[in-house]
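Here is a friendly briefing to read with the model open beside you. Take a moment to look over the sequence and the fold, and then work through the topics below.

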Amino acid sequence: MTKTKERAEGTCPLVYECRLPLSTRTVTHLAGLLRCHLEAIRSRWRVLPPGRIAVIVLTVLRHDQRLADMAGGNNVSESTIRRWRDELIALLAARAPRLDRALKKVAKQGGEVVLIDGTLIPTQRRTGNADRRNYSGKHHHHGLHFLTLTDERGRLIWISAARPGRSHDITAARHDHILAHLRAAGLGAPADLGFHGLDNDVRAPAIVTASTPAAPTSSHEARRKPTASSLSDGHRSSTASPTSRTGGPSPSSALTPPTRPASYAP
């Protein structure tokens, strides 16, 4: 058995088509960014037009396609696809709004609150030391952690940089100084229990979280462990009318005559 990497005679790479749910506006916007970038760096030509490059990069980002598969179907090398992907990601990241500007824009438009939450984007398992850092024990999956802010209608206004999947929501919020930016813009943010303890200001909290749920107790433990009120009630009832084990009056209660009130008249 020989170890050869040559293709067999009469074969061609398999190409398949998939439907990509993208709007024309998205492709046009990304292709326009690429054209402006090519003019800025004075690039004379590319193997494919900017519109085709935008579709290929969006396919890689949306469906997590292998770079070798996309390269074989478009007659380019794998390194070229990787360079296009990194180039367009950098162009999109440069136009992303800053956190303080996004919050000030919401406050200027009359908004009062924003919604904050953390999410995990599933990814493939990596090799090496980065494998454990990207594993989320909560979701039991490898991925990247993102912190997102939306307006009252759920429209995205800001997203944080990618962090390892094991990152916690409150840790990411402290790293991005979410609380300080919210107070500077005069906005509030309802959040889940993942952000509990981030804002300790009781009088005017900027981040409001739900209360921590109490530990569940079984009915069997509740019956075996009576409360203080039930103990005091039982003690009063036993001293007021003591009974024997058989259910009748005890000898001590039978010998002691009942006391009559002062206003009693026979």
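Is Leu-182 buried or exposed? Leu-182 has a relative accessible area of 0%, so it counts as buried. Please keep in mind that this is a predicted model. The protein has 266 residues, and buried ones make up 28% of them. Its secondary structure comes to 11 helices and seven strands. Among contacts between residues at least 6 apart in sequence, 53% join residues at least 24 apart.

**Leu-182 and its surroundings**

- You will find Leu-182 in helix 8.
- Setting aside neighbours within four places in sequence, Leu-182 is in contact with Leu-103, Val-114, Leu-187, Ala-189, Ala-206 and Ile-207.

**Helix 5 against helix 8**

- Two packed helices are described by the distance between their axes and the angle between those axes.
- For helix 5 (residues 99–108) and helix 8 (residues 178–185), the axes come within 9 Å and cross at roughly 35°.
- This crossing of helix 5 and helix 8 is right-handed.
- Helix 5 brings Leu-99, Asp-100, Leu-103, Lys-104 and Ala-107 to the contact, while helix 8 brings Ile-178, His-181, Leu-182 and Ala-185.
- Sorted by class, the contact of helix 5 with helix 8 has six nonpolar, one polar and two charged residues.

**The largest pocket**

- About 1,700 Å³ of space lies in the largest pocket.
- Its lining has 35 residues, and those nearest the centre are Leu-61, Ile-89, Leu-144, Phe-146 and Ala-162.
- By class, the lining of the largest pocket has 20 nonpolar, seven polar and eight charged residues.
- Among the helices, helix 1 (24–41), helix 2 (50–63) and helix 4 (78–94) each supply at least two residues of this lining.
- Strand 1 (115–122), strand 3 (141–150) and strand 4 (156–159) each supply at least two residues of the lining as well.

**His-142 in strand 3**

- His-142 has its place in strand 3.
- Why does His-142 count as buried? Its relative accessible area is 13%, and buried means under 20%.
- Not counting residues up to four places away in sequence, His-142 touches Ile-121, Pro-122, Thr-123, Gln-124, Arg-125, Asp-131, Asn-134 and Tyr-135.

**Pro-164 and Arg-133**

- Pro-164 is found in strand 5 (residues 163–164), and Arg-133 lies in helix 6 (residues 130–133).
- Which residues does Pro-164 contact, leaving aside its neighbours within four places in sequence? They are Arg-133, Asn-134, Gly-143 and His-145.
- Arg-133 counts as partly exposed because its relative accessibility is 38%.
- With the neighbours within four places in sequence left aside, Arg-133 is in contact with Pro-164, Gly-165 and Arg-166.
- From C-alpha to C-alpha, Arg-133 and Ser-167 are 8.4 Å apart in space, and they are 34 residues apart in sequence.

**Gly-111 in a loop**

- Look for Gly-111 in the loop between helix 5 and strand 1.
- Gly-111 has a relative accessible area of 21%, so it is partly exposed.
- Its contacts, not counting residues up to four places away in sequence, are Val-106, Glu-152 and Leu-187.
- Gly-111 and Gly-188 are 77 residues apart in sequence, and their C-alpha atoms are 9.6 Å apart in space.

**Positive phi values**

- Arg-42 has a phi near 60°, a positive value in a residue other than glycine.
- The loop between helix 1 and helix 2 holds Arg-42, which counts as exposed because its relative accessibility is 74%.
- His-177 has a positive phi too, near 55°, and is likewise a residue other than glycine.
- You can find His-177 in the loop between helix 7 (169–175) and helix 8.

How values were computed
Residues are numbered from 1 along each chain as its sequence is written. This is a predicted model: local features need pLDDT of at least 70, side-chain atom pairs count only at pLDDT 80 or more; totals for chains, interfaces and linings use all residues. Side-chain values use heavy atoms; hydrogens and water are left out. On a 1 Å grid over the protein atoms alone, a cavity is a set of points where a 1.4 Å probe fits but cannot get out, and a pocket is an open set with protein on both sides within 12 Å along at least five of seven lines; lining residues have an atom within 4 Å of a point. Grid points are joined across faces, edges and corners, and a volume is the space filled by probe spheres set on the points. Helices (H or I, at least four residues) and strands (E, at least two) are DSSP runs, numbered from the N terminus. Ala, Val, Leu, Ile, Met, Phe, Trp, Tyr, Cys and Pro count as nonpolar, Asp, Glu, Lys and Arg as charged, and the others, Gly among them, as polar. Axes are lines fitted to C-alpha atoms, for helices over the stretch in contact, and angles run from 0 to 180 degrees between N-to-C directions. A crossing is left-handed if the near helix is turned anticlockwise from the far one by less than a right angle, and right-handed if clockwise. Contact means heavy atoms within 4.5 Å. Buried means under 20% relative accessible area, exposed over 50%, partly exposed in between (1.4 Å probe, protein chains only).
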